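Subject: Structure for your files

Hello,

Here is the structure I said I would pass on, with my notes below it. Please read them with the structure open beside you.

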Amino acid sequence: MRMNVCNKIRGKLRGARYLCQLIRQTSNWAEIWRYRRQRDRLPPLRLRSGVSLNHGKLDNPLLLLDEVFINRWYRVEETPPPDANILDIGANIGAVTLFWATVSPSVRICAYEPNPAAFDMLQRNIEGNSLQERVWAFTEAVGRGTGELNLWVNVPTDLSTGYLDKAPCEGGERITVPMIGIDETWRRLNQERIWLLKIDTEGAEVDILEGASKAVLDATQNAIVEYHNQIYPGAYTRCRHVLEEAGFRCRVLVHPWQEGIIYAVRS
């Protein structure tokens, strides 16, 4: 009985803390809070930074709100210099892109997202927030090199992957999408310096980093790489090895479900 009471109290405290965070981050927090409690239709998330995050039925915007805007898992300690270049590989619907676009008014972002549903919403978020002049979206997958990827779609877009033999959940189907290597993404940047490389690709992270030339890695100042050991066994070890061999100093945020984030800073 006492345990049940304690659990209820802890649950209420967690809910109160989340509500405070929601109020700090969003201007339409009341609508979002009502959705969490009653499962009404979730509106676009309107951030106090001035951007709006639109989403579709297969997206997970509340998870993105938590990870990107509340917990700030995709932030690095330093401030981007003027006209900094960011590569957002695995951009999904653009939460990380929107986050960095509001941090600096001059940052330039190339966002890559191969899932057609997520890409359409990414484009909508770029246009809806008037970022077309400094954010460019590409619909290719990024991997070890030029080719094709068999991608699972019609699943939650944050689970879309080309690195599982079976669909991540019921209803998934595979489509073939074009794929390029990270060297090609750098060529499109006119081989300018990459201030931040962000990779969240549900299993492609090993192929991307191991397929990168020394020149690309040398041109990169910071990297944030989400690894997925449950999709690609050994991903953490292999990604960290590439980064440290390239001269990065790494720290890790470990999730309890065989995933985590590697934060790499040029030594």
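The second largest pocket is lined by R75, V76, E77, E78, N222, A223, R249, C250, R251, Y263, A264 and V265. Please keep in mind that this is a predicted model. The volume of this second largest pocket is about 200 Å³. Strands β10, β11 (248-254) and β12 (259-266) each give its lining at least two residues. Sorted by class, the lining has 6 nonpolar, 5 charged and 1 polar residues.

One of the lining residues, N222, sits in strand β10, which covers residues 220-228. N222 has 0% relative accessibility and therefore counts as buried, the cut-off being under 20%. Its side chain comes to 3.0 Å from the backbone oxygen of W195. Leaving out residues up to four places away in sequence, N222 is in contact with V76, E78, I194, W195, L196, L197, F248, A264 and V265.

The largest pocket has a volume of about 680 Å³. Its lining counts 46 residues, and those closest to the pocket centre are D158, L159, D200, E202 and H228. Two or more lining residues come from each of α3 (61-70), α4 (95-103), β6 (141-143), β7 (147-153) and β10. Helix α3 makes the largest contribution, with 5 residues. By class, the lining of the largest pocket splits into 23 nonpolar, 13 polar and 10 charged residues.

E202 deserves a separate note. It lies in the loop between β9 (194-199) and α7 (205-210). With a relative accessible area of 11%, E202 is buried, because the limit for that term is under 20%. Its phi is positive, about 50 degrees, although E202 is not a glycine. For context, most residues other than glycine have a negative phi.

Two further positive phi values turned up. N154 is not a glycine either, and its phi is about 60 degrees. N154 belongs to the loop between β7 and β8 (173-181). Is N154 buried, partly exposed or exposed? At 42% relative accessibility it counts as partly exposed, since that class lies between the 20% and 50% limits. The other case is R39, which follows helix α2 and has a positive phi near 60 degrees.

Helix α2 itself runs over residues 29-38, and its buried residues are I32, W33 and Y35. Viewed down the axis of α2, these buried residues fall within an arc of 155 degrees, so they line one face of the helix. Exposed residues R37 and Q38 are on the face of α2 turned away from the buried side.

Last, I175, which is located in strand β8. At a relative accessible area of 26%, I175 is partly exposed. Which residues does I175 touch, not counting those up to four places away in sequence? They are P116, L149, N150, L151 and V153. V135 is 40 residues from I175 along the chain, and the C-alpha atoms of the two are separated by 26 Å.

Regards

How values were computed. Residues are numbered from 1 along each chain as its sequence is written. This is a predicted model: local features need pLDDT of at least 70, side-chain atom pairs count only at pLDDT 80 or more; totals for chains, interfaces and linings use all residues. Side-chain values use heavy atoms; hydrogens and water are left out. Helices (H or I, at least four residues) and strands (E, at least two) are DSSP runs, numbered from the N terminus. Buried means under 20% relative accessible area, exposed over 50%, partly exposed in between (1.4 Å probe, protein chains only). A polar contact is a pair of N or O atoms within 3.5 Å; within protein, one must be able to donate a hydrogen and the other to accept it, and residues adjacent in sequence count only if both atoms are side-chain atoms. Contact means heavy atoms within 4.5 Å. The arc is that of the directions from the helix axis to the C-beta atoms. On a 1 Å grid over the protein atoms alone, a cavity is a set of points where a 1.4 Å probe fits but cannot get out, and a pocket is an open set with protein on both sides within 12 Å along at least five of seven lines; lining residues have an atom within 4 Å of a point. Grid points are joined across faces, edges and corners, and a volume is the space filled by probe spheres set on the points. Ala, Val, Leu, Ile, Met, Phe, Trp, Tyr, Cys and Pro count as nonpolar, Asp, Glu, Lys and Arg as charged, and the others, Gly among them, as polar.
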